[in-house]
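Have a look at the model first, then we'll go through it by topic.

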Amino acid sequence: MKAELMVRRGVLAMAFAGFLAAGAYAQDPTPQQQDTQNDKKDIRQDKKDLAKDRADRNADQRDINKDKRDLSKDRADRNADQRDINHDKRDLSKDRTDRNADQRDINKDKRDLTRDDAKYGANSSEAKADRKDLRADRADRNKDQRDINHDKTDLAKDRADRNADQRDINHDKKDLAKDRNKDQKDINKDKRDLHKDRKDLRKDRRGR
């Protein structure tokens, strides 16, 4: 009876020792198992990074599409402003020509008035006609000067608009290049990391 009891106790002790050994083995993986676990963890992280960068790239692609639309609109605005500038320059040139012609008419009217005053008298019909022409020519000259001033204002405004649109175009180009290049670099880096970690995992599995 005692012998049987001792055998039972011995079997229980061996089983308990086996459980302890198995638990210790499970708690303390070999370096090779640890490398494999780390590689799997790295791969999971790489996949997350890659997914995040792809999402960023897609969001940036939407930004790129918007920047392209903005760029196209800004170029159209800039070209329209340039056409306005060219139109303003033509108007300004024409108004200056008209103003100069009016000034020549005024100078002639003055000479005619002086001559007719001396020849026919200040109250003569010729002198009165000369004064009337002089007033009309001065009114025309003043109107042309106002047109010139207006054209100068338009020209300055259109140049400012054209320059602002050019700055917008330059800004859109920078945004376009920045969004596209940065995200593509991140994706390429994550792909390289993922490839390297998968290679490490295969190597660790073969070495097991």
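Predicted model: local features only at pLDDT ≥ 70, side-chain atom pairs only at ≥ 80, totals over all residues.

The chain has three helices and zero strands, and buried residues account for 21% of its 208 residues.

**Overall layout**

- Reading from the N terminus, the elements go α-α-α.
- Helix 2 covers residues 31–120, and helix 3 covers residues 125–207.
- Take the contacts between residues at least 6 apart in sequence: 87% of them link residues that are at least 24 apart.
- The chain exposes about 15,300 Å², and 51% of that comes from carbon and sulfur atoms.

- In general, oppositely charged side chains can pair when their charged atoms come close.
- For a salt bridge to count here, a side-chain nitrogen of Lys or Arg has to be within 4 Å of a carboxyl oxygen of Asp or Glu.
- That rule gives nine salt bridges.
- One of them joins the side chains of K66 and D70, at 3.0 Å from N to O.
- What separates D70 and K66 along helix 2? They're four residues apart, so about one helical turn lies between them.
- Both partners are partly exposed: D70 has a relative accessible area of 25%, and K66 has 43%.
- K94 and D98 make another salt bridge, at 3.2 Å from N to O.
- This pair also lies in helix 2, with a spacing of four residues, or about one turn of the helix.

- Is D112 buried or exposed? D112 is buried, with a relative accessible area of 12%.
- K108, on the other hand, is partly exposed at 43% relative accessibility.

- D81 is part of helix 2.
- D81 is buried but has no salt bridge.
- Which side chain of opposite charge is nearest to D81? That's K157, 6.8 Å away.
- The 4 Å cut-off for a salt bridge is why K157, at 6.8 Å, doesn't count as a partner for D81.
- Leaving out residues up to four places away in sequence, D81 touches D158, D161, R162 and D165.

- K132 lies in helix 3 and is exposed, with a relative accessible area of 57%.
- K132 and D109 are 23 residues apart in sequence, and their C-alpha atoms are 9.2 Å apart in space.
- K178 is also found in helix 3, and it's exposed, at 58% relative accessible area.
- How many residues lie between K178 and D60 in sequence terms, and what is their distance in space? They're 118 residues apart in sequence and 9.6 Å apart from C-alpha to C-alpha.

**The positive patch**

- Which residues gather in the patch of positive charge on the surface? They are K47, R198, K199, R202, K203 and R206.
- Helix 3 is the top contributor to the positive patch, giving five residues.
- K203, one of the patch residues, lies in helix 3.
- K203 counts as exposed, since its relative accessibility is 57%.
- To join a patch, a residue needs over 30% relative accessible area and no salt bridge, and K203 has 57%.

Conventions: Residues numbered from 1 in each chain as written. Heavy atoms only, no water. Helix = DSSP H or I, 4+ residues; strand = E, 2+ residues; numbered from the N terminus. Buried < 20%, exposed > 50% of the residue type's maximum accessible area, 1.4 Å probe, protein only. Contact = heavy atoms within 4.5 Å. Areas by Shrake-Rupley, 256 points an atom, 1.4 Å probe, with all protein chains shown as cover. Lys, Arg positive; Asp, Glu negative; His and termini not counted. Patch = residues over 30% accessible without salt bridge, like charges linked within 9 Å, V, L, I, M, F, W, Y side chains within 5 Å. Charge placed at Lys NZ, Arg CZ, Asp CG, Glu CD.
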